[in-house]
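This briefing goes through a structure by topic. Please look at the sequence and the model first, then read the points below.

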Amino acid sequence: MSDYGAPPPPPPAYGAVPPGQPAGGPPPNNLVWAILTTLFCCLPLGVVSIVFAAQVNSKWAAGDYAGAQDSARKARQFAMWSAIAGLVIVVLYIVFIVLAASNS
Amino acid sequence: MLHIQVGSPVRLLPDRWTRLAAPGGTALLAATVVGYVGAVDPNQAGHYPTCPFLFVTGLYCPGCGSLRAVHALAHGDVPEALSRNPLTVLSVPLLVALWVLWTRRRLTGRRRSWAAPGWAIWGLLAVVIAFWILRNLPGFAFLAP
C-alpha cells in the first residue's frame, strides 16, 4: 500500500467542468489588489496577498473548493487591511507635514 | 455638434450603465492618479511620502520607484520608467488585461470560469521576492530605483 494516498484525479479536458465543482466559477483571488499594494503602494505586506491569491488558484485547481473559498476570504481581508494601513500611513504623513510646517 | 445616426441601435439600458459603473469608475480613478503623478513630479523631494519600508529599514522594497516610473510612463519615457521600477512597468499590461476581462464579465454578466494555474501566481511571488532581494545587492544597481 502506498503511504501517499490516492493519486490526484486526471486534469479535466479544456472547457469541461470537473464533477463536484461548485457553480459560479473560481472565487476571486484579489490578485489585482495584491499587485497594486506590492508594486504601486510600497507596502511589502502585499507579498502576503500574493501568497493568498496563489493558494486560491492552487486549491481550486486541486479540487479543494472549500479551501479555495477560505483562502479567497483571507485574501480579501488582508487586501482590506493593507488598504487601511496605506490610508493610515498617508494620513499620518499629512499630519506630520502640517505639524512640521506650523513649527517652522 | 451632436451627430446621432437615425435608426442606430442605441440600446444602452440603465442596467448596462450600472454594470459598467465599477470598471468605468476604476478607469477614471486610474486616469486621475496617473494624471496627478504625471503633473506633480515625484523626482522632487517633498511631493510624496517616502516609502515606509525604505524609511524604516533603509532598504528598497519591490514598490520603490513606482511613483517615478508612473511619472515617466505618463510622459511616454519607457526606458526611464524601466530603470525606476521594471516590475511596475511590466505589471501595467497585466493590470490592463485583467481590467478588460473584468469589464467584459460585467457586460456579459458571465462569471469567471477560468483560473490561472497556481504555479503562475507562485512564480509571480518568486519573481517579486527575487526582485526585492536583488535590487538591494551591489552589482544589481540597474534594478534599484
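Two residues are in contact if their C-beta atoms, placed from the backbone, lie within 7 Å. With that in mind, the buried residues of H1(A) pack against H2 and H3 of chain A, and also against helix H3 (66–74), H5 and H6 of chain B. The model is predicted, and the predictor gives the complex an ipTM of 0.75 and a pTM of 0.76.

**Chain B as a whole**

- Chain B has six helices and zero strands, and along the sequence its pattern reads α-α-α-α-α-α.
- The average pLDDT of chain B is 85, and 90% of the residues score at least 70.
- Chain B has a radius of gyration of 20 Å, whereas a compact globule of 145 residues would have one near 15 Å.
- Taken along the principal axes, the box filled by the C-alpha atoms of chain B is roughly 65 × 40 × 25 Å.
- Among the 145 residues of chain B, 21% count as buried.
- Of the contacts in chain B with a separation of 6 or more, 53% are between residues 24 or more positions apart.

**Where the chains touch**

- The contact between the chains takes 25 residues from chain A and 27 residues from chain B.
- On the side of chain B that touches chain A, helix H2 (52–57), helix H5 (86–108) and helix H6 (118–134) of chain B each supply at least two residues.
- H6(B) gives the largest share of that side, seven residues.
- Sorted by class, the side of chain B that touches chain A has 19 nonpolar, six polar and two charged residues.

**Nonpolar cores**

- The largest nonpolar core has 29 residues.
- Ala34(A), Ile50(A), Phe52(A), Ala53(A), Val56(A), Ala75(A) and Ile121(B) have the most contacts inside this core.
- Helix H1 (31–40), helix H2 (46–61) and helix H3 (65–103) of chain A, together with H6 of chain B, are the elements that give two or more residues to this core.
- A second, separate core has eight residues, including Ala69(B), Val70(B), Ala81(B) and Val89(B).
- Not counting residues up to four places away in sequence, Phe52(A) touches Ser71(A), Lys74(A), Ala75(A) and Phe78(A).

**Helix H1 of chain A**

- H1(A) is mostly covered, with nine of its ten residues buried.
- The buried residues of H1(A) are Leu31(A), Trp33(A), Ala34(A), Ile35(A), Leu36(A), Thr37(A), Thr38(A), Leu39(A) and Phe40(A).

- Ala61(A) is found in helix H2 of chain A.
- Why does Ala61(A) count as partly exposed? Ala61(A) has 18 other C-beta atoms within 10 Å, and a residue is buried if it has 20 or more and exposed if it has 12 or fewer, so Ala61(A) falls in between.
- Leaving aside neighbours within four places in sequence, Ala61(A) is in contact with Ala115(B), Pro117(B) and Gly118(B).
- The C-alpha atoms of Ala61(A) and Leu36(A) are separated by 25 Å, and these residues are 25 residues apart along the chain.
- Leu94(B) has its place in helix H5 of chain B.
- Leu94(B) is partly exposed because 13 other C-beta atoms lie within 10 Å.
- Between the C-alpha atoms of Leu94(B) and Ile133(B), 39 residues apart along the chain, the separation is 23 Å.

Technical notes
Residues are numbered from 1 along each chain as its sequence is written. Chains are lettered from A and ligands numbered from 1 in the order in which they are written. This is a predicted model: local features need pLDDT of at least 70, side-chain atom pairs count only at pLDDT 80 or more; totals for chains, interfaces and linings use all residues. Helices (H or I, at least four residues) and strands (E, at least two) are DSSP runs, numbered from the N terminus. Ala, Val, Leu, Ile, Met, Phe, Trp, Tyr, Cys and Pro count as nonpolar, Asp, Glu, Lys and Arg as charged, and the others, Gly among them, as polar. A nonpolar core is a set of buried Ala, Val, Leu, Ile, Met, Phe, Trp, Tyr and Cys residues joined through C-beta atoms within 7 Å. pLDDT is the predictor's confidence in each residue, from 0 to 100. The radius of gyration is taken over C-alpha atoms; the globule rule is 2.2 Å times the number of residues to the power 0.38.
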